[in-house]
Every structure is written in structure tokens, then in C-alpha cells.
Amino acid sequence: YIHLSDSVKKKYDLEKIKSKDWQAYKELLEKLKEDFGDKPMYEIQELIKNNGQSNDADSKKSNDIEFNCPLNQILYGPAGTGKTYHTINHALAILEGCDIEKKQTQDDRNNFKKYMKEGRIKFVTFHQSYGYEEFVEGIRVETIQEDPENNSSKKILNYDVKAGIFKNICDDARNNKDSNYVLIIDEINRGNISKIFGELITLIEDSKREGNNEALPVTLPYSGESFSVPGNLYIIGTMNSSDRSLTSLDLALRRRFEFIEMLPDPKVLKDITIGNISVKELLEIINKRIKALLDQDHCIGHANFTHLTSSSKVQDLMNVFEKKIIPLLQEYFFNDWEKINLVLGNNGMIVNDKIDADLFPSMDSNQIDRLNSRSWKINTDIFKDFQKSKDALSKIIGEPKTSKEKTEIQDVDA
């Protein structure tokens with residue numbers, strides 16, 4: 001019952017069933033017959049368990065059964081691929097049985113906000129300073145009146161144990177077992193997992209949740225309370241796989257979560273054409289080059305371009321390259337400007353910044369040439385000229401490579 005979506009519970013009036021109302025049982029049987037025909041009850045139960053999908057092509061399918069979501073999942077991928085955006089779809093799939101793949105609407109976002117206000121969805125972002133005390137529980141210092149009934153009494157420091165966001169949502173879920181709850185952890189790999197979860201990392205496993213044969217309670221260190229994780233709490237994390245400042249994800253966390261890869265999706269840009277230039281094709285070409293020169297984790301996300309429309313100006317698209325794409329490429333390629341230039345199709349957005357030989361009179365010409373090969377700058381002039389900007393964007397897509405260009409790529413890789 002706790003793993004059914006709200007829409008299923010509402011459709012079949014399952015609250016009445018809990019009251020042991022015979023008329024409610026009769027109405028339920030009639031609705032099940034309408035949805036599943038003359039199938040035996042054990043098969044109907046299995047169909048509901050498996051998202052209401054029947055193997056019988058002639059039988060009526062129920063679209064109100066909740067998507068079979070894992071209890072713990074992480075959406076991972078390069079920056080700008082919509083990981084945080086898609087947590088809304090995944091959360092609503094858990095709470096309402098919505099299709100994860102359907103296009104997100106404003107109504108979906110409004111429902112998400114409604115559930116957040118109700119406390120059934122909570123959102124937190126991990127960072128390097130985040131710890132167990134904020135996530136689970138800890139001692140907080142508060143200033144209170146020595147005499148609560150006398151506002152003029154002196155203030156004193158009070159040390160009290162306060163629950164964190166994880167303990168709070170676990171308590172809420174435990175007290176309302178008929179509903180599902182969702183905790184979204186953005187940037188889950190930016191936090192110190194051992195420091196934040198502590199002993200609770202074991203308890204989030206499916207088999208260790210409340211009600212299971214292997215369920216494990218622990219005693220919390222500050223409050224001394226017995227604590228376990230309820231089975232109707234779902235955890236959704238997001239992880240930026242292109243952040244090279246992070247070490248590999250904690251193995252204890254990795255084996256307790258299912259991972260869903262979120263890759264750049266150029267198809268969402270298919271209707272955007274600016275100055276006869278297809279933004280979809282631009283992104284596809286750039287990412288093919290990044291995958292060849294670096295890896296898939298550092299591809300450019302489509303979200304960098306989704307604010308554009310076909311009515312946008314060439315200058316708007318150039319601003320994306322100047323303010324977002326080129327800085328990202330500098331970070332990804334460790335300022336290896338020759339490879340950045342290859343990604344951009346040698347289009348003039350970056351140019352070699354020649355060093356004056358008189359600057360280092362003691363250096364010979366070979367040494368100066370080596371310095372020149374590493375000295376580049378962003379060509380700000382090209383971003384101010386409409387025709388040059390349009391030409392630069394067209395060159396990214398470019399013509400098929402000549403044998404000379406292919407040789408240059410091989411030389412850079414070597």
C-alpha cells in the first residue's frame with residue numbers, strides 16, 4: 001500500500017478499504033474488473049506490483065500505477081544536462097505515478113512546490129562544510145530568556161539537540177506510512193559522505209529499511225533515540241560527473257544507489273535556428289570533438305542553450321560561447337588552448353597571442369616559438385562584429401576535414 005501513488009489510492013478509494021467497509025470492498029472489486037477484466041486476483045495483484053502493465057494486448061492497461069522507482073537513485077552526468085530539473089519528474093513519478101519521460105509542465109512544477117510546502121519533498125545541497133549535525137542531528141546553541149515569562153530577564157545560552165533534515169523527513173514518513181516521501185540531495189558528491197551520513201549509510205539500503213527481515217535500527221549519538229529509515233522514503237541525488245575537483249564517489253554510497261546517466265540531449269534544441277545556424281548541430285559537433293579529445297563526462301550540456309529561441313540574435317548565441325562555453329573549455333582542458341581551438345573548429349574565437357621577442361632578449365627563436373604556442377587569448381573583436389560572429393559559428397560546423405587537419409589532430413593527441 002505504501003508504495004502506491006496517491007492517484008492510485010484516490011482512484012480506488014483505498015482509505016475506505018482501511019476502514020473495513022464492505023461496500024468499499026465491493027466498489028473496489030468492480031473497479032478492478034473494469035480495469036483488468038476477468039483476470040484472477042493473484043494476477044491483478046502482480047500487474048499492480050509491475051506498474052499495471054498487462055501482457056494481454058486486449059486487456060485494458062492501468063496508467064495510474066506508480067512508476068517502479070528505486071528507493072535510492074542518483075542522476076549523474078556533465079554540467080548542464082538537466083539533472084536538478086529532472087528531479088521534479090522523478091519525484092512526481094514517486095508521489096503521483098507520473099511518467100518520467102513526459103515533458104515537464106508548469107502544473108508539474110506547481111505540484112512539486114505544493115509537495116515541498118507539505119513537507120513530502122525536501123531539498124538539500126551537499127557541500128564541503130555540510131555535516132552530520134545539519135543532516136541527521138546535532139547540538140545547536142540558542143539564545144533564550146532565562147525566565148520565559150519575563151521578556152526583560154537576561155538572555156542565556158541554551159544547548160539543545162536539534163533534528164536535521166534527514167531525521168525530520170524520516171520521522172514524517174514514519175508517522176504517515178500511507179504516503180511516499182522524497183528527499184532530493186543536489187550535488188551529492190560534493191559532500192563528505194562519511195561525515196554527513198555517519199552510521200546511517202547502512203540504514204538506507206533497501207533490505208535494512210523498516211519492516212524488512214534485515215531491518216537495522218541504530219542509537220543516535222546525541223539524542224540517544226533508536227532510529228531506522230522507513231520504507232516509504234525515497235532518496236534522489238544528483239552528481240556532476242565533470243567536476244574534476246572531486247575524488248571518486250564514496251564506494252559505500254555507490255553500491256547503495258542506482259545510477260541514471262543524464263547526457264546532453266541536442267534534440268531539445270532542434271527547433272532553434274539562429275542566423276541559418278542550427279544550434280542542435282552546433283552542440284552535436286562540439287560534443288563529438290570533446291569526446292574524441294577528452295571524454296564523455298566533459299561534454300557541454302544542452303541547458304546552456306535552452307534559453308535561446310529562433311527569434312534570438314546571433315549576438316545572443318555568441319554571448320553563450322563567450323560567457324559559458326569557452327570558460328568551460330578552459331577548465332576542462334586545463335588551458336590547453338590548441339585543443340580548445342580544435343573543439344571550436346579554428347573559428348577565430350580564440351587567437352594566438354604573439355610574444356614580443358624583445359621581452360626575453362636572452363631566449364633564442366625556438367624558445368620564443370614554444371612560448372608562443374602556449375600563448376592564446378579570446379578574440380573579443382569577433383564577438384562585436386555581426387558578420388564575423390556568424391562566420392565563426394558556421395566554421396564550428398565546418399566542412400569535412402582535410403588530410404592535413406586530421407594529421408594536426410593526431411599531432412595534438414600525441
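Helices (H or I, at least four residues) and strands (E, at least two) are DSSP runs, numbered from the N terminus. By that count, the protein chain has 16 helices and 13 strands. Asn276 sits in the loop between strand S10 (273-274) and S11.

This is a predicted model, in which local features need pLDDT of at least 70, side-chain atom pairs count only at pLDDT 80 or more, and totals for chains, interfaces and linings use all residues. Residues are numbered from 1 along each chain as its sequence is written, and side-chain values use heavy atoms, with hydrogens and water left out.

**Whole chain**

- Of the 414 residues in the protein chain, 42% are buried. Buried means under 20% relative accessible area, exposed over 50%, and partly exposed in between (1.4 Å probe, protein chains only).
- The protein chain has an accessible surface of about 22,700 Å². Carbon and sulfur atoms account for 48% of that surface. Accessible areas come from the Shrake-Rupley method with a 1.4 Å probe; for residues, only the protein chains shown count as cover.
- Take the contacts in the protein chain between residues at least 6 apart in sequence: 66% of them join residues at least 24 apart. Contact means heavy atoms within 4.5 Å.

**Cysteines**

- The structure holds zero disulfides. A disulfide here is a pair of cysteine sulfur atoms within 2.5 Å.
- Cys170 has a relative accessible area of 0%, so it is buried.
- Cys98 is at 17% relative accessibility, and therefore counts as buried.

**Helix H3**

- Helix H3 covers residues 22-36, 15 residues in total. The expected span of a helix is 1.5 Å times one less than its number of residues.
- Ala24, Leu28, Leu32, Asp35 and Phe36 are the buried residues named in H3. Seen down the axis of H3, the buried residues fall within an arc of 80°, so they line one face of the helix. The arc is that of the directions from the helix axis to the C-beta atoms.
- Trp22 and Glu34 are exposed, on the other side of H3.
- Gly37 follows H3 and has a positive phi, near 70°.

**Helix H15**

- Helix H15 (residues 386-397) has twelve residues. From first C-alpha to last, H15 reaches 18 Å, close to the expected 16 Å.
- Ser389, Ala392, Leu393 and Ile396 are buried in H15. Down the axis of H15, its buried residues stay within an arc of 95°, so they line one face of the helix.
- The packing partners of these buried residues are strand S11 (277-278), helix H11 (279-293) and helix H12 (314-332).
- Asp385 caps the N-terminal end of H15. A side-chain oxygen of Asp385 lies 3.1 Å from the backbone nitrogen of Gln387. A polar contact is a pair of N or O atoms within 3.5 Å; within protein, one must be able to donate a hydrogen and the other to accept it, and residues adjacent in sequence count only if both atoms are side-chain atoms.
- After H15 comes Gly398, with a positive phi near 60°.

**Asn89**

- Asn89 belongs to helix H5 (residues 83-96). Its relative accessible area is 8%, so Asn89 is buried.
- The side chain of Asn89 reaches the backbone oxygen of Ile100 at 3.2 Å.
- Leaving aside residues up to four places away in sequence, Asn89 touches Ile100, Lys102 and Gln104.

**Glu210**

- Glu210 lies in the loop between helix H9 (193-197) and strand S6 (218-219).
- Glu210 and Gly231 are 21 residues apart in sequence, yet 5.8 Å apart in space, C-alpha to C-alpha.
- Beyond residues up to four places away in sequence, Glu210 touches Arg174, Lys177, Ala215, Ser228, Val229, Pro230 and Gly231. With Lys177, the side chain of Glu210 makes a polar contact of 3.2 Å.

- Most residues other than glycine have a negative phi.
- Asn276 has a positive phi, near 65°. At a relative accessible area of 73%, Asn276 is exposed.
- Glu187 also has a positive phi, near 55°. Its place is in the loop between strand S5 (181-186) and H9. At 25% relative accessibility, Glu187 counts as partly exposed.
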